[in-house]
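Could you walk me through this protein, from its loops and sulfur links out to its surface? Here is the model to follow along with.

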Amino acid sequence: RCVVPNCDDNTTHYEENFTEWAIPEGDQCHVWTLKNNITDQCEPDVFFNVTSSCSQWVYDTSLFSATTVTQFDLTCEKDWLRPLAGSVYMTGMVVGAIVIGDLADRFGRKKGILVSVLLFGTGGVISAVSPNYYMFLLMQFFTGAGGNGLQIATYILLVEFIGVKWRTFCGINIHIAVALGEAMTGVLAVFIRDWRWLQLAITAPAFLLISYTWLMPESVRWLVAEGRNDEAKKIIERVARVNNVEVLRHLLDAHNVQFRSVDGTLLLSSNNTQLVSGTTQEAKIKKTVIDVLRTPIMRMRSFIIFFCWGVCAVVYYGLSYNPISLGGNIFVNFISIMLVEIPSYIFTFLILDRLGRKATLSFVFLLGGVACFISGFIPE
């Protein structure tokens, strides 16, 4: 609500008796005008029945001690800036997916993760200390880019390390960790009611992931695709030692070496020297994302998947970002919305290999669409 001249001082709160006659009902941006020469009274008869705009506000701090809205006065004429933070963050996610995805293909999964961590952590920390809203928006862009890039690069590294037997299990259930992390944001918000400290709490720990540079090996599949087979062999040998298993030397050093590609087909090299040196015609050809769109069939399949992801993103983030509209306790709402994903991951894992990819995708799209449609008719 507006600060009321003659009535508000440093000791007043959001709920005050004088708001009944000093502020138009339901109007957060205007006050009734004071009569001329009245400077020290706060009574109903000192206000005209004419409104005037205000430039200072009193905020309700019963739920949060400070938010970006209260910090930067994102109300009245600036109200349109409030949802801009979410839009800028999502734009950063799109850019991060494209740029960091390409970076991880060119320079390795670990470098993609490292760049993502630096963007996410730095953007998040600077967001928390931003002196103005425009700096905050810029940092939210970098936070979104780093956060999405980190999720993508980590996921790709995971599925490239996991064998066929456990790939479905790990590829789906990694998202349980994502859901738990999202729910933890709600748990932290219960105890941290100042937006700056909450922002630090959920982004600064990302810098711990810099340790992955030394703790985590590069993707063997990516190294082989880049012709860096000596490095790939060293990682395989290291993994074997940690797991206390023996790798048969002839599988790594034989005259004809076979590596299984990402799609499961065998790539055969005529001799080991040629494979390691990367002089084969196959190794010389550098593929880009444009190659996915060159043929009509792959182009059609790619655009279908792009459309599916777009629909998922609109619905997922549209529902996830609006727990306050459900009524009741916003913390319980937010945490519940995040945790409800976990049964869906378990269900998908159980049916994906039984029904196949297309049937599962079609089923969950229909289920989600029908649920969204029906929810629109549930009485308030």
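Let's start at K78, which sits in the loop that runs between α2 (68-72) and α3 (84-107). This is a predicted model, so read everything below with that in mind. With a relative accessible area of 42%, K78 is partly exposed. Setting aside the residues within four places of it in sequence, K78 is in contact with F72 and D73.

The loop between α2 and α3 also holds C76. The backbone of C76 is worth a look: phi is positive, about 55°, although C76 is not a glycine. C76 counts as buried, at 18% relative accessibility, whereas K78 is partly exposed. N244 also has a positive phi without being a glycine, at about 60°. You'll find N244 in the loop between α10 (229-242) and α11 (249-253), and with 70% relative accessibility it counts as exposed.

A disulfide, remember, is a covalent bond between the sulfur atoms of two cysteines. How many disulfides does a search of the whole structure find? It turns up three.

C76 pairs with C29, and their sulfur atoms are 2.1 Å apart. Why does this pair tie together parts that are 47 residues apart in sequence? Because C29 lies in the loop between α1 and β1, while C76 lies in the loop between α2 and α3. The link of C29 and C76 is left-handed, with -105° about the S-S bond.

Next comes the disulfide that joins C2 to C54, with an S to S distance of 1.9 Å. C2 is in the segment before α1 (19-22) and C54 is in the loop between β2 (47-53) and α2, so this pair ties together parts 52 residues apart in sequence. The link of C2 and C54 is left-handed too, with -55° about the S-S bond. C2 is buried, with a relative accessible area of 0%, and C54 is buried as well, at 12%.

C7 and C42 form another disulfide, with their sulfur atoms 1.8 Å apart. C7 lies in the segment before α1 and C42 in the loop between β1 (30-34) and β2, so parts that are 35 residues apart in sequence get tied together. Here the link is right-handed, with 105° about the S-S bond. C7 is buried, at a relative accessible area of 9%. If you count the bonded cysteines along the chain, the disulfide pattern reads 1-5, 2-4, 3-6.

What about C308? C308 counts as buried, with 14% relative accessibility. C372 is partly exposed, with a relative accessible area of 36%.

Now step back to the whole chain. The protein chain has 17 helices and four strands. Of its 380 residues, 31% count as buried. Among contacts with a separation of 6 or more, 58% come from residues 24 or more positions apart. The accessible surface comes to about 23,900 Å², and 65% of it belongs to carbon and sulfur atoms.

Part of that surface is a nonpolar patch, whose members include M300, F303, W309, F347 and L367. Together, the residues of this patch have about 1,100 Å² of accessible area. Which helix gives the most to the patch? That is α14, with six residues. Both α14 (296-320) and α17 (357-375) supply at least two residues each. F306, one of the patch residues, is found in helix α14 and counts as partly exposed at 49% relative accessibility.

Finally, the database record. An unreviewed UniProt entry places the feature "transmembrane region" at several spans, among them 112-130, 170-191, 303-324 and 359-378. In the model, residues 112-130 are 89% helix and 0% strand, with end C-alpha atoms 26 Å apart. Residues 170-191 are 100% helix and 0% strand, and their end C-alpha atoms lie 32 Å apart.

Notes: Residues are numbered from 1 along each chain as its sequence is written. This is a predicted model: local features need pLDDT of at least 70, side-chain atom pairs count only at pLDDT 80 or more; totals for chains, interfaces and linings use all residues. Side-chain values use heavy atoms; hydrogens and water are left out. Buried means under 20% relative accessible area, exposed over 50%, partly exposed in between (1.4 Å probe, protein chains only). Contact means heavy atoms within 4.5 Å. Patches are made of residues with over 30% relative accessible area and no salt bridge: like charges are joined within 9 Å, nonpolar side chains (Val, Leu, Ile, Met, Phe, Trp, Tyr) within 5 Å. Accessible areas come from the Shrake-Rupley method with a 1.4 Å probe; for residues, only the protein chains shown count as cover. A salt bridge is a side-chain nitrogen of Lys or Arg within 4 Å of a carboxyl oxygen of Asp or Glu. UniProt positions are given in the numbering used here, feature names are shortened, and annotations may be inferred rather than shown by experiment. A disulfide is a pair of cysteine sulfur atoms within 2.5 Å.
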